[in-house]
Amino acid sequence: VTASASETEPSESADGTDTEPETNVSETENTSETTASAPKPAARVVKVKTVDEFLAAIAPNTVIELAEGVYDLSKASDYDKESKNKYYSWEHDRGETGAAAELVIKKASDLMIRGAGMGKTTIAAVPRFVNVINFKECNNLTVSNLTAGHTKEPGLCTGGVLLIQDSSDINVESCGLFGCGTIGVHGLNCNRLYVPNCSIYE
């Protein structure tokens, strides 16, 4: 706390007596010492049971809890269309069987995608030449307790499962990643990417 004072010369009252000088004191807070950084808000927890609910819940500072079941991304109502959620989009690629769409989750930091257990919750993609999920600029990302991969279809399979780009502090834990036998987790320009207790298989 700081104090500032302004003083005036003694003045004479109407009756001829001296009066004390008037002193004005103002107190201000030293914001550099008292202002603390605002605490991080608690993560929003969203429980989902369908692929559309899963996609709608994608946002920063969110925990998405997926119930048991198969979440087929190709059956989303906006699959291969413009998304109404700014945190994901469908990117197009072309393979031997024609055009396909890849789910891209972008700029959704502090996101956790948590299933009911490996083999109990499955995120699946039909196109076999795109990644199941492509994460871009998603810091402090966690994907855990689920299975992800490409559905079993005839033909060549060249897509990876999880592609993570330009992100840091990523934890892919207790997941089963399958389908193509190429790349389970692919990190590009990432810092601190951890993949503990995962199974990567065809």
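Which strand gives the largest share of the lining of the largest cavity? The search for an answer starts with the model itself. This is a predicted model, in which local features need pLDDT of at least 70 and side-chain atom pairs count only at pLDDT 80 or more, while totals for chains, interfaces and linings use all residues. Residues are numbered from 1 along each chain as its sequence is written, and side-chain values use heavy atoms, with hydrogens and water left out.

The chain holds two helices and 18 strands; helices (H or I, at least four residues) and strands (E, at least two) are DSSP runs, numbered from the N terminus. Of its 202 residues, 41% are buried, where buried means under 20% relative accessible area, exposed over 50%, and partly exposed in between (1.4 Å probe, protein chains only). The accessible surface comes to about 11,700 Å², and carbon and sulfur atoms account for 48% of that; areas come from the Shrake-Rupley method with a 1.4 Å probe, and for residues only the protein chains shown count as cover.

Now to the cavities. On a 1 Å grid over the protein atoms alone, a cavity is a set of points where a 1.4 Å probe fits but cannot get out, and a pocket is an open set with protein on both sides within 12 Å along at least five of seven lines; lining residues have an atom within 4 Å of a point. Grid points are joined across faces, edges and corners, and a volume is the space filled by probe spheres set on the points. The whole structure contains three cavities of 30 Å³ or more, and the largest cavity has a volume of about 50 Å³. It is lined by 13 residues, of which Leu73, Tyr79, Ala101, Ala125 and Pro127 are the closest to its centre. Strand E9 (residues 98-106) gives the largest share of this lining, with three residues. By class, the lining has 10 nonpolar, two polar and one charged residues; here Ala, Val, Leu, Ile, Met, Phe, Trp, Tyr, Cys and Pro count as nonpolar, Asp, Glu, Lys and Arg as charged, and the others, Gly among them, as polar.

The second largest pocket has a volume of about 170 Å³. Its lining includes Asp52, Leu55, Asp78, Lys81 and Tyr88, and helix H2 (residues 51-57) gives the most to it, with three residues. Five charged residues stand in this lining beside three nonpolar and three polar ones.

A pair of aromatic rings is described by the distance of the centres and the angle of the planes. Rings of Phe, Tyr and Trp (its six-membered ring) pair if their centres lie within 6.5 Å; planes under 30 degrees apart count as stacked, over 60 as edge-to-face and the rest as tilted. The whole structure holds three such pairs. The planes of Tyr88 and Trp90 stand at 85°, with ring centres 6.2 Å apart, so this pair is edge-to-face. Both Tyr88 and Trp90 are buried. Phe178 and Tyr201 are stacked, at 5.9 Å centre to centre and 15° between the planes. This pair links distant parts of the chain, since Phe178 is in strand E15 (residues 168-178) and Tyr201 in strand E18 (residues 199-201), 23 residues apart. Phe178 is buried at 15% relative accessible area, whereas Tyr201 is partly exposed at 38%. Tyr79, Tyr88 and Trp90 are joined by ring pairs into a cluster.

A few single residues complete the tour. Asn134, in strand E12 (residues 133-136), is buried, with a relative accessible area of 2%. Beyond its neighbours within four places in sequence, Asn134 has contacts that include Glu91, Val104 and Leu163. Asp166 sits in the loop between strand E14 (162-165) and E15 and is partly exposed at 40% relative accessible area. Asp166 lies 8.4 Å from Asn139, C-alpha to C-alpha, although 27 residues separate them in sequence.

Most residues other than glycine have a negative phi. Asn61, in the loop between H2 and strand E6 (62-66), has a positive phi of about 55° and counts as buried at 17% relative accessibility. Asp80 has a positive phi of about 65°; this residue lies in the loop between strand E7 (69-72) and strand E8 (88-95) and is partly exposed at 36% relative accessible area.

How values were computed: Contact = heavy atoms within 4.5 Å.
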